[in-house]
Amino acid sequence: MKGPGFIAFYRLLLLSGLVLLWEATTGGIVADWQLFETALLARPSLIVLDLVDYAQSGLLFSDARQTLLEAFLGLFFGVTGGVALGLLLGYWKTAAAVLEPIMIALNSLPRITVAPLLILWFGLGMTSKVLLSFFTVFFVIFFNTYIGVRSVDPELVKAVKVMGGGPRQVARMVVVPSVCSWIFAALRTSVSFALTGAVVGEFVGSSSGLGYRMLLAAGVLHTERVFAIMLILMVVGVVLVGLSSRLERYLLRWSPGFTGM
Amino acid sequence: MRIDVEGLSLRFRKGVEVLRDVNFDVRSGEFVALVGPSGCGKSTALNAMATLISREDAEITGTIRVDGVDINDRSDWNQSLGYVFQRDTLFPWRTVRQNVEAGLEIRGWKKVERHRRAQELIDLVGLAGFEDYFPHQISGGMRQRVSLIRTLAYDPQVILMDEPFGALDAQTRLILQGELIKIWSASRKTILFVTHDLAEAITLAERVILFSKRPGRIKSICEVPFPHPRDPFELHGSKEFAEFHAGLWRTVSEDFRADAREVAVPS
């Protein structure tokens with residue numbers, strides 16, 4: 001295996017090769033080489049130009065702000081709600097016994113299927129997207145919190161007790177850190193779920209946002225715009241997931257999976 | 001603190017009788033070892049003494065008194081007790097220092113005081129430089145050292161130890177036994193040490209209580225003649241140690257062998 005510099009070089013080489021091939025087969029280099037209709041597979045150079053257009057019109061900013069706000073609100077409420085219910089059911093055994101199969105059933109429902117209902121109930125505005133995003137995040141965080149409370153190491157609880165600690169100390173020294181580790185581990189997935197929820201919600205019915213703009217563009221065969229928005233969503237996803245996995249790595253630095261300090 | 005165990009019997013609700021009429025005492029400042037074949041109930045006795053067994057799980061009769069008062073009537077018992085587990089029960093999310101400070105936090109010590117006390121003990125067992133490491137980053141021997149000083153930190157009057165060195169390699173074990181002897185000699189805490197290893201028991205304790213196989217009863221109690229402080233490395237090489245060990249071994253081997261037969265030929 002070569003050093004990281006080589007790997008990065010080959011990666012860049014591969015990517016530029018692919019983009020070049022893409023450009024060529026969509027007629028961007030020599031018109032005769034075109035294999036695909038640009039209405040179906042947009043030309044990379046035109047995608048970039050369209051992206052500039054989109055940004056200059058001011059729509060990119062307002063669409064992105066809309067979608068990110070929906071995703072963020074969904075993530076926020078999903079995490080708080082999931083943690084709250086997870087803790088409640090983790091401690092309250094009877095309620096947990098009643099609700100567990102129901103939660104599992106709801107969790108196995110593909111989340112996207114509630115989108116039409118949400119649009120019906122809450123309209124084309126932001127609320128329905130925030131709620132869809134909320135639902136996708138909520139169950140992941142709920143199950144992680146719930147399992148986190150349930151799988152607290154009884155030996156550590158004993159250790160606090162023999163040191164003279166009461167239930168409050170058990171909660172602070174054992175339950176909270178142990179549950180947090182489960183929640184942090186689910187954070188990265190939740191971030192991309194939240195974004196998916198917002199965009200899909202916009203597909204189903206809305207009047208603004210990146211998902212809405214994408215659907216609109218596809219409808220009029222403005223394929224460059226579709227690809228431009230995919231590119232934006234990819235970049236946003238990479239940044240957000242990257243940030244949350246760095247956060248996770250920092251918060252879980254005590255865990256055996258990470259050997260660095 | 002002095003401990004008196006009188007007529008202690010214990011049966012789990014599932015039906016297993018673990019202890020039958022166990023009687024012994026531990027004098028204040030004494031180092032006593034409980035020895036017996038695995039599954040004989042010695043750890044259960046220790047757990048009962050630490051009130052770690054709930055009445056829902058087991059039927060317990062007899063009394064355990066500390067300085068003459070039943071442990072169930074002493075609200076301060078949990079505060080004056082230390083317990084070192086077989087497996088190190090360090091908090092994985094806390095550094096070495098934060099682990100050592102845990103008991104002090106429970107007792108509401110100020111941060112500066114906690115730091116000072118923890119550092120003292122970390123230096124004592126040669127862990128200086130590892131204060132900010134997490135448990136998974138240090139060796140098993142080091143982790144068990146941290147467990148030990150986490151218990152010592154809040155200065156409990158009685159320390160119960162459940163095979164604390166059982167998972168360590170022979171050499172590390174001797175080193176830690178030596179450290180424990182030093183600590184005990186300097187502080188004269190009351191220590192009750194459970195082990196299945198006869199050699200370990202007579203290396204450490206002033207008195208050894210031998211348990212029979214389940215249901216655990218006391219087979220015999222004997223004084224260990226070697227003067228303290230002892231050096232485990234030196235002691236293990238001595239003729240006196242070998243003779244004493246052999247004498248005791250004859251008393252217990254029957255039980256240990258019976259244990260082995262049970263495993264070999266299940267009825």
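Between which helix and which strand of chain B is the loop that holds Thr51(B)? Thr51(B) sits in the loop between helix H1 (42-49) and strand S4 (58-66) of chain B, and Figure 1 takes a look at that residue. First, some housekeeping: this is a predicted model, where local features need pLDDT of at least 70, side-chain atom pairs count only at pLDDT 80 or more, and totals for chains, interfaces and linings use all residues. Residues are numbered from 1 along each chain as its sequence is written, while chains are lettered from A and ligands numbered from 1 in the order in which they are written. Helices (H or I, at least four residues) and strands (E, at least two) are DSSP runs, numbered from the N terminus.

Figure 1. Most residues other than glycine have a negative phi, and most peptide bonds are trans. Thr51(B) has a phi near 50°, a positive value in a residue other than glycine. Asp21(B) is not a glycine either, and its phi is positive at about 45°; Asp21(B) belongs to strand S2 (residues 17-26) of chain B. (Buried means 20 or more other C-beta atoms within 10 Å of a residue's own, exposed means 12 or fewer, and partly exposed is in between; C-beta atoms are placed from the backbone.) The peptide bond from His228(B) to Pro229(B) is cis, with omega near -10°. You'll find Pro229(B) in the loop between strand S10 (218-223) and helix H7 (232-237) of chain B.

**Figure 2. An open sheet in chain B.** Six strands line up in the order S6-S7-S8-S3-S9-S10 (chain B), with mixed pairing. Two strands pair if DSSP finds at least two bridges between them. Strand S6 (81-84) and S10 of chain B are the edge strands, each with a single partner strand, so one side of each has no neighbour in the sheet. On average, neighbouring strands of this sheet are turned by 15° against each other, direction ignored. At one end, S6(B) runs parallel to strand S7 (residues 158-162) of chain B, joined by four bridges. There, Gly82(B) has Ile159(B) in S7(B) as its bridge partner.

**Figure 3. Strand S9 of chain B and its partners.** Four of the five residues of strand S9 (residues 207-211) of chain B are buried, so to speak mostly covered. Strand S3 (residues 31-35) of chain B pairs with S9(B) in the parallel sense over four bridges, and Leu34(B) has Ile209(B) in S9(B) as its bridge partner. A hairpin takes the chain from S9(B) to S10(B) through six residues.

**Figure 4. Where chain A touches chain B.** Here 14 residues of chain A are in contact with 19 residues of chain B (contact means that the C-beta atoms of two residues, placed from the backbone, lie within 7 Å). On chain A's side, the elements giving two or more residues are helix H7 (154-162) and helix H8 (167-204). H7(A) gives the most, with five residues. By class, this side of chain A has eight nonpolar, four polar and two charged residues. (Ala, Val, Leu, Ile, Met, Phe, Trp, Tyr, Cys and Pro count as nonpolar, Asp, Glu, Lys and Arg as charged, and the others, Gly among them, as polar.) Leu156(A), Ala159(A), Val160(A) and Val162(A) are buried in H7(A). The buried residues of H7(A) pack against H8 of chain A together with S6 of chain B. After H7(A) comes Gly164(A), with a positive phi near 95°.

**Figure 5. Two helices of chain A side by side.** Helix H9 (residues 210-219) and helix H10 (residues 223-251) of chain A pack at an angle of about 155°, with their axes 8 Å apart. (Axes are lines fitted to C-alpha atoms, for helices over the stretch in contact, and angles run from 0 to 180 degrees between N-to-C directions.) H9(A) and H10(A) are therefore roughly antiparallel to each other, a label for angles over 145 degrees. Among the residues that meet are Leu210(A) and Met214(A) in H9(A), and Val226(A) and Ile229(A) in H10(A). By class, this contact has eight nonpolar, no polar and two charged residues.

Terms used. Parallel < 35°, antiparallel > 145°, perpendicular 65-115°, else oblique.
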